[in-house]
Amino acid sequence: IVETTLKTDERVIARVTDGIYRQPASALRELISNAYDADATRVVIKTDAPRFERISVEDNGLGMTPQALAHMLLHIGGSAKRQEIGQELGITDEDNPMESPSGRKLIGKIGIGIFSVAQLTHTFQIITKTKGDGYRTIATVALKQYSDEGIKGVKEVYESGKVNIWREKAKDVEAQGTTIILTHIRPQAKETLRSKEMWSIIDHNEKSRSTEE
């Protein structure tokens, strides 16, 4: 087990707290975008509705090596995508760092997508595995709680949480993908997810959508 401290800069904290991830859907969209950039063809989101105490986002993408996962968690705000380091970590195409390994145009740019879950919860787990690896890599993350007012006085580098990373033997060596499990969902997020008004609007839009759309 590797235990370390998550650090980021005030620019990243400001981006997260300025409202871009205030809605649960915005945070989930970022996780889906990450799956797309990992060449996933399927993403499944599961909840324990109507409680919404737990949310899991599972994809069948390429997964991350231990090195790629560690780089992502220890360089929040410094995405490996669109850079040479992304090619070294197997995150991007070998010849073009602007594309995924399969040639998709990358969505992610600045490397704070995973941090978007701070608006949903302060504790989450990442389980990831690459094809051919006999082990899966697991990380548990506990984000430090902060207020919007509290970040004004922070220094350039901010301690944003704690992370543990370890490896466990996998039964299916050929399996690949990443699962992110969010627990202890924040009250405000649960209230939004439980909104009858929101779900009725979604249901209405689904029923009224044209067949050509």
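Analyst: At 39% relative accessibility, Asp 203 counts as partly exposed, a word that applies between the limits for buried (under 20% relative accessible area) and exposed (over 50%), with a 1.4 Å probe and protein chains only. This is a predicted model, in which local features need pLDDT of at least 70 and side-chain atom pairs count only at pLDDT 80 or more, while totals for chains, interfaces and linings use all residues. Residues are numbered from 1 along each chain as its sequence is written, and side-chain values use heavy atoms, with hydrogens and water left out.

Asp 203 meets Lys 207 in a salt bridge, at 3.2 Å from N to O; the term stands for a side-chain nitrogen of Lys or Arg within 4 Å of a carboxyl oxygen of Asp or Glu. Side chains of opposite charge can pair when their charged atoms come close. Both Asp 203 and Lys 207 belong to helix 6 (residues 196-208), where they are four residues apart, about one turn of the helix; helices are DSSP runs of H or I with at least four residues, strands are runs of E with at least two, and both are numbered from the N terminus. Lys 207, at 66% relative accessibility, is exposed.

By this rule there are five salt bridges, and another of them joins Asp 133 to Arg 167, with the closest N and O atoms 2.8 Å apart. This pair links distant parts of the chain, since Asp 133 is in the loop between strand 4 (123-129) and strand 5 (135-143) and Arg 167 is in strand 6 (residues 157-169), 34 residues apart. Asp 133 is buried at 16%, whereas Arg 167 is partly exposed at 36%.
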